[in-house]
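Student: I would like a close look at one part of this model. Please take me through it step by step.

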Amino acid sequence: MLKGARSIRLVNLLGAYQGPYVVLDFDEQEILVGIEIVGEDRDEDEDKRQPER
C-alpha cells in the first residue's frame with residue numbers, strides 16, 4: 001500500500017447498503033486509485049446456505 005493511502009469500505013459511506021463487499025482505495029492526495037469488489041453480500045451468502053422449508 002502507498003504511504004498515506006487508505007481504503008474505505010462502501011458500507012461505511014452509504015450506511016444501509018446491500019450488495020457485494022466493496023472497498024475503495026485512495027492515494028495520499030485522496031484520489032480514487034482502485035476499487036476492490038471482494039465478493040457477494042455476506043447476508044446473501046448466509047441465505048443461500050439455509051435449507052428451504
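Which two strands form a hairpin, and how many residues lie between them?

Tutor: This is a predicted model. The hairpin is made by β2 and β3, with 5 residues between them. In the turn, Glu30 has a positive phi of about 65°. The two strands, β2 (21-26) and β3 (32-39), run antiparallel and are joined by 6 bridges.

As for burial, 5 of the 6 residues of β2 are buried, so the strand is largely enclosed by the rest of the structure.

Now the loop. Asp27 sits in the loop between β2 and β3. Asp27 is buried, yet has no salt bridge. Its nearest side chain of opposite charge is Arg6, 8.7 Å away; a salt bridge would need a side-chain nitrogen within 4 Å of a carboxyl oxygen. What Asp27 does have is a polar side-chain atom 2.9 Å from the backbone nitrogen of Gln29.

Finally, the surface. Leu32, Ile35 and Ile37 form a nonpolar patch there, with about 320 Å² of accessible area together. Ile37 belongs to strand β3. Ile37 counts as exposed because its relative accessibility is 63%, and the cut-off for exposed is over 50%.

Conventions:
Residues numbered from 1 in each chain as written. Predicted model: local features only at pLDDT ≥ 70, side-chain atom pairs only at ≥ 80, totals over all residues. Heavy atoms only, no water. Helix = DSSP H or I, 4+ residues; strand = E, 2+ residues; numbered from the N terminus. Buried < 20%, exposed > 50% of the residue type's maximum accessible area, 1.4 Å probe, protein only. Lys, Arg positive; Asp, Glu negative; His and termini not counted. Polar contact = N/O pair within 3.5 Å; in protein donor to acceptor, adjacent residues only side chain to side chain. Patch = residues over 30% accessible without salt bridge, like charges linked within 9 Å, V, L, I, M, F, W, Y side chains within 5 Å. Areas by Shrake-Rupley, 256 points an atom, 1.4 Å probe, with all protein chains shown as cover. Pairing = 2+ DSSP bridges.
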